[in-house]
Every structure is written in C-alpha cells, then in structure tokens.
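Hi,

Here is the structure I promised to send over. Please open it first, then read my notes below.

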Amino acid sequence: MKNLWNDNEAKVFACDPLQLRVYTSRLLGRETRLVLHGGGNTSVKTSTTNLFGESEETLYIKESGVDLSTIQAAGFAPVKLETLTRMASLDELTDMDMIKAQRSAMIDPTAPIPSVEAILHAIIPFKFVDHTHADAVVTIANNERGEELIRKIYKASVLIIPYTMPGFILARKVSKITRNMNWQKIEGMILLNHGLFTFADDARTSYERMIHLASLAEDYLQKEGAPGSVAKAEDREDLLKLAGIRHQISVTKGDAMIARLDKSTEACGFADLPDVKSIAARGPMTPDHAIRTKPIPVILKDDVEKDIINYSSAYKKYFDRNTTGELTCLDPAPRWGVWPQHGTLAFGRSIRGVNIVSDIVRHTIRAIQYGETIGGWKPLPEKDIFDMEYWGPQQAKLHKNDVTSELQGKIALVTGAASGIGRACAEMLHKQGAVVTGLDLNPKITRIFNQEDLTGLTCDVTNDKRVKEVVESIIRRFGGLDILVNNAGIFPPSLSIEDMDAKIWNLSMDINLSSHQRLLKMCIPYLKQGIDSTVIFIASKNVPAPGPGVSAYSVAKAGLTQLARIAAMELASDGIRVNIVHPDAVFDTGIWTQEIIEERAERYNITVEEYKTKNFLKTKITSKDVAALVCCMAGPAFAKTTGAQIPIDGGNERVI
Ligand SMILES: [Zn+2]
C-alpha cells in the first residue's frame with residue numbers, strides 16, 4: 001500500500017493540528033482498500049480556549065458517516081475530552097444516553113454529530129488517532145484461524161481486541177484491557193472482524209503506522225492467497241431479464257430502485273464459482289457494511305422472481321430470529337445480487353447509493369476469495385451482524401442522505417432534450433429524483449447533460465439502429481425504464497397544401513410521427529417491466545385546433561395523438577399509462593424563431609406581445625410550465641389516468 005505523505009503538502013498545515021488532521025484523514029480516504037464511503041474515523045486532541053479564557057482539552061472527532069476522502073475541518077466535531085474519558089469508566093450507558101452526553105459535551109453545539117467511536121478515540125492516550133476498516137486485516141480476521149493468523153503476522157506490535165459491538169461497550173472494554181498497559185510498546189490495535197487503529201503524537205507517524213500495518217496484512221495475503229477468479233461476460237447479456245430482476249427488487253422494496261450489473265471479469269469470475277452460493281451467503285466483510293448491503297446477497301438462478309421472493313422471506317425470518325425489543329423489520333429487499341453467468345448486481349434508490357454498494361461488493365468478493373484460500377471465509381455470526389444492522393446510530397447514517405423526491409429511483413428517457421420543452425422535462429424529472437437520459441440530434445446534448453444520473457446522448461430518432469443502442473444502454477446502466485417522454489419534433493416551414501413540398505411533408509411525418517412509433521415499440525418490452533410505467537407524448541394545440549399553412553406539422557401531431565390513444569388501450573393491461581399534452585405557444589423552444597413569431601403575429605394582425613399571451617388567461621406558457629405538467633403526469637397524481645389529452649395553452653377558445 002502506497003504511503004501518500006508528502007512533506008511539501010503537509011508543511012502548509014504544520015502549525016495547525018486540525019488542518020494536519022484533515023490532511024492525513026484525506027490521505028486515508030484516498031485509499032479504498034482502507035476505507036469506503038463514510039467508513040473509518042480519525043481524531044486529534046488539542047487545547048481550545050473557552051469564553052472565559054480557560055484552556056480546555058478537546059477531541060476533534062470525525063462526523064458520523066462522513067467521507068474521509070473529502071472531509072474538511074468543519075467535518076470534525078469538537079467534544080470535551082474529559083467528559084468522554086469519564087464516560088468510558090461508567091458501568092452502563094445506553095446508546096441514547098451516550099449520544100446525548102456526547103452532544104452536550106460539544107463545545108460548539110452547531111457542529112456535526114460525532115462518530116460513535118468518540119469515546120474510544122478519547123481513551124487512546126495519543127494526540128492523533130486513525131481508524132480504518134482495512135480490507136486485508138478484516139479479510140484475515142474473517143477466518144477459522146483469524147486470530148491465530150493476526151497474531152502470527154503482527155506478533156506483539158499490536159493489541160488484539162475480540163469483536164465487540166462499537167460504541168460505549170467497545171470503548172469500555174478497551175479501557176479495561178489497557179488499564180495497566182504501556183501504550184508506548186504498541187503501534188496499533190486490531191479489532192477482530194472490524195478494523196485497525198493506529199496512533200501517535202504526530203500526524204505523520206500515526207498515518208504511516210496505518211499504511212505499514214495494513215501493508216503487512218496485504219503482503220501476507222499476496223503470499224498466501226490466490227488472486228480472485230476471473231471470467232468473461234461476453235454473449236451473456238440478457239437485458240430483459242435484468243429489467244425483470246430490477247422490477248422484482250423494486251416491488252419487494254416498495255420503491256423504485258436502480259439496478260447495476262457489474263460484468264467485469266472479476267465479478268463474473270466470482271459469480272461463476274461453483275460454491276458461490278455457500279461462500280457469498282456467509283456474511284459481510286465487516287458488520288459496518290450491513291446497513292448498505294444487508295447481511296447477504298440474493299443468488300439469482302433461472303427463476304429470478306422466485307429467488308428474490310425467497311430472499312425476502314428468509315430476511316424476515318432472520319429478523320424474527322434476532323430481534324429484541326421494539327425493532328421494526330426493515331424492507332426485505334436485497335441490496336446486491338450474484339447472478340451466475342452474468343456478474344454481480346448492486347441495487348439502490350439513487351446513483352450515489354448504487355455506487356456505494358458496487359464499491360463494497362467489489363471489495364467483498366475479493367476478500368471472500370482470499371479468505372477461502374487462507375483457510376476458509378468465516379465472517380461474524382449473524383447475531384453480531386444483525387445488532388449492527390439494526391443499531392440506531394448506524395441507521396441514522398443511512399437516513400442522513402434520505403431522499404424522498406416523488407420520482408426517486410425512476411428511470412426516464414426524454415427525446416429532443418437539448419432545448420425547449422425536452423430540456424426542461426429532463427431537468428425537472430432529474431430534480432424530482434429520476435435518473436434521466438436525454439437524446440438529441442444536436443451533439444451539444446452530451447455537454448448539456450454530463451452527469452451519471454443525467455446523461456445526454458447524441459441520437460437521430462429516425463435512425464433505428466442508434467435508437468436501439470441508446471435504449472439498451474439505459475437498461476444496461478440503470479436496469480430498466482419507467483418514463484418515456486416523446487418530445488422530439490421539428491416545425492416545418494408554413495406552406496399551403498397546394499404548395500406543399502413532398503420532402504417537407506415526408507420529413508415531418510418521419511420525425512414528428514413515425515420515429516415515435518418505432519421508439520415506443522422498442523421501449524414497450526422494458527416499460528412492461530417498469531415501475532408505474534408511463535409514456536407521455538408532447539403533441540400540440542394544433543391537434544384540436546389546427547390552422548392553415550401547417551398541415552405537415554398538424555397532421556403528424558394528430559397522428560401522434562391517435563398513436564398515443566391506441567397505445568393507451570393496448571398497454572393498459574400491462575399497467576402502462578399513456579397520456580398526451582397539447583402545448584400551445586411555448587415560445588422559448590427551438591422551433592420558434594423571432595421571425596416565425598413576428599410572421600404569426602402579423603397574420604393575426606396583433607403585436608408580438610399580444611400574440612404571446614393570446615389566450616383566456618392572458619398568460620405566457622414556458623417550457624418549464626410544460627415540464628411541470630409532464631412531471632406531474634409521470635407521478636402518482638396521474639396514477640389512474642390513461643389516454644388523456646391535456647391542453648397547456650392558457651385557455652384557447654377553439655380548444656375549450
Ligand atoms: Zn469502525
């Protein structure tokens with residue numbers, strides 16, 4: 001493991017212990033083999049001066065659940081050291097009282113919630129304390145011969161503590177064990193099945209001890225263990241089945257979930273192991289992961305629906321077996337899966353959540369295989385895992401980033417998304433929690449939307465091959481499709497029927513009508529597996545109220561409306577809702593140029609301003625207004641509506 005300490009970087013912080021603490025915490029955070037997503041914690045002990053000019057010993061401890069890789073000074077909670085050390089000498093302390101006492105001992109009440117390990121950090125008699133869940137150390141500890149191997153590797157250089165639930169109980173245990181111990185003789189402390197502590201009076205030594213001790217475990221595994229199995233995932237793709245898995249996971253969870261398939265050679269190698277069912281189902285690398293991954297994955301075989309249902313009933317039984325007191329069973333849906341012949345799967349309500357699970361899974365499957373090689377992978381008993389999974393302070397970490405947006409976990413596709421109504425729809429769907437892919441002929445789309453959960457792809461909607469590619473890429477990235485917004489369109493030049501050019505007519509039919517039929521056809525198999533799937537067609541006021549000179553546009557939009565009405569009938573039995581919006585005079589879109597607006601105003605013999613608000617409500621209609629209606633139609637308010645045509649035109653006398 002690489003030592004990332006850099007004298008030049010560190011010297012800037014030399015006079016400020018907290019800044020130095022931030023610096024080495026980030027160094028730890030940069031190594032994913034030490035900590036993953038909010039795991040681990042660090043602290044520094046220093047003096048602060050209170051209002052009365054008195055000096056107080058203070059422990060700056062990492063905020064619960066925050067990422068070490070990006071932590072800032074504000075991510076450390078300042079707690080009175082004396083209160084914390086006295087707490088370790090109590091005989092009993094409930095979690096609630098511990099959290100209360102820690103909060104009331106904070107010298108800044110607006111600071112974040114301290115890590116649950118604050119008391120343990122306080123009793124370690126060194127200025128800097130570093131704690132990680134180093135993969136290699138927990139891998140070795142999760143073994144039949146775990147303790148024996150750890151002793152063999154570290155000899156007397158570390159203190160070994162058998163697994164104990166974190167928080168007060170662990171701090172008290174360490175306090176008792178170390179009462180007459182000479183801390184100067186050891187470099188670190190290993191909590192079996194949990195992680196590693198190092199400490200020193202200077203930041204660099206504490207950090208370097210962490211790298212050194214973790215490296216010893218890695219070197220041992222390298223020497224003893226075999227590299228993980230690898231296999232290729234070629235020709236194994238089954239996107240429909242993937243969408244079916246994501247559907248069943250979402251139904252079991254009771255919320256729309258995103259599913260990501262990892263078909264890397266490592267993931268496939270693991271999924272293809274003959275004993276994968278047994279080794280994957282023994283438990284997580286560290287109980288800390290259980291809140292993200294649940295204790296074990298679902299193993300998917302041929303009847304994936306049944307596998308997920310069986311998993312959920314087994315999870316309920318696991319809860320019943322282990323529950324004590326007033327606990328409520330969490331949702332029984334798995335958070336990751338092993339899919340032989342395909343790879344591993346991660347599930348989550350957001351891309352961030354999926355990424356966290358994916359990372360933990362990647363590290364876990366490696367640890368399991370090393371564990372098997374060095375004597376047999378054997379995580380903690382399920383009761384210990386359960387206690388951590390259902391521990392209040394752990395669950396609080398999860399809820400910190402809770403998202404309750406209406407469309408959370410939904411997967412959406414919007415065509416014509418580089419400008420106007422399409423762009424507004426994509427942005428608003430994303431804001432409401434959906435992962436969105438926006439298509440447009442304009443290559444600018446890839447720069448407009450370039451986030452993992454809001455992506456722009458260049459696509460000519462009349463090019464079937466390309467459309468198929470992008471639809472499949474959505475299933476591959478997110479596991480399904482729930483919302484389709486058919487918006488792409490052109491506004492051909494105004495021509496009377498007598499003067500109509502066949503090319504213009506055909507182009508309008510192809511883009512404004514036929515391309516939507518083909519896209520819908522391609523999406524239907526996936527929409528059938530979606531969660532409250534919905535299709536929304538952006539038609540036009542011209543359908544109920546056509547005007548002269550725009551036959552190429554209006555006829556195509558009328559055809560589109562008819563297509564949507566028939567789709568509503570055909571797809572209702574699959575629970576897919578199909579609705580239509582008829583916007584009018586949305587002038588902030590690509591199809592309206594100043595020239596067209598002026599020409600139209602002149603035709604009606606009114607000013608441009610009058611033309612823009614030519615409706616009963618005397619209001620201007622914007623792309624955002626249409627997007628708000630589309631989002632509403634994609635959500636629960638329209639759960640029981642299909643085949644509807646909704647005008648958004650400020651009230652038009654020919655439509656009413
Ligand atoms: Zn820990």
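Predicted model: local features only at pLDDT ≥ 70, side-chain atom pairs only at ≥ 80, totals over all residues.

**The helix pair**

Residues are numbered from 1 along each chain as its sequence is written, and side-chain values use heavy atoms, without hydrogens and water.

H21 covers residues 502–527 and H22 residues 551–571. Helices here are DSSP runs of H or I with at least four residues, strands are E runs of at least two, and both are numbered from the N terminus. The two axes come within 7 Å and cross at roughly 15°. The axes are lines fitted to C-alpha atoms over the stretch in contact, with angles from 0 to 180 degrees between N-to-C directions. H21 and H22 are therefore roughly parallel (angles under 35 degrees).

**The zinc site**

Which residues are the protein donors of the zinc ion? They are His131, His133 and His194, each through NE2, at 2.1 to 2.2 Å. Donors are N, O and S atoms within 2.8 Å of the metal (3.2 Å for Na, K and Ca); water is not among the atoms, so sites may look incomplete. The donor spacing in sequence is H-x1-H-x60-H.

Histidine 133 is buried at 10% relative accessible area. Histidine 194 is buried too, at 5%. Buried means under 20% (1.4 Å probe, protein chains only).

Best wishes

How values were computed:
Buried < 20%, exposed > 50% of the residue type's maximum accessible area, 1.4 Å probe, protein only. Parallel < 35°, antiparallel > 145°, perpendicular 65-115°, else oblique.
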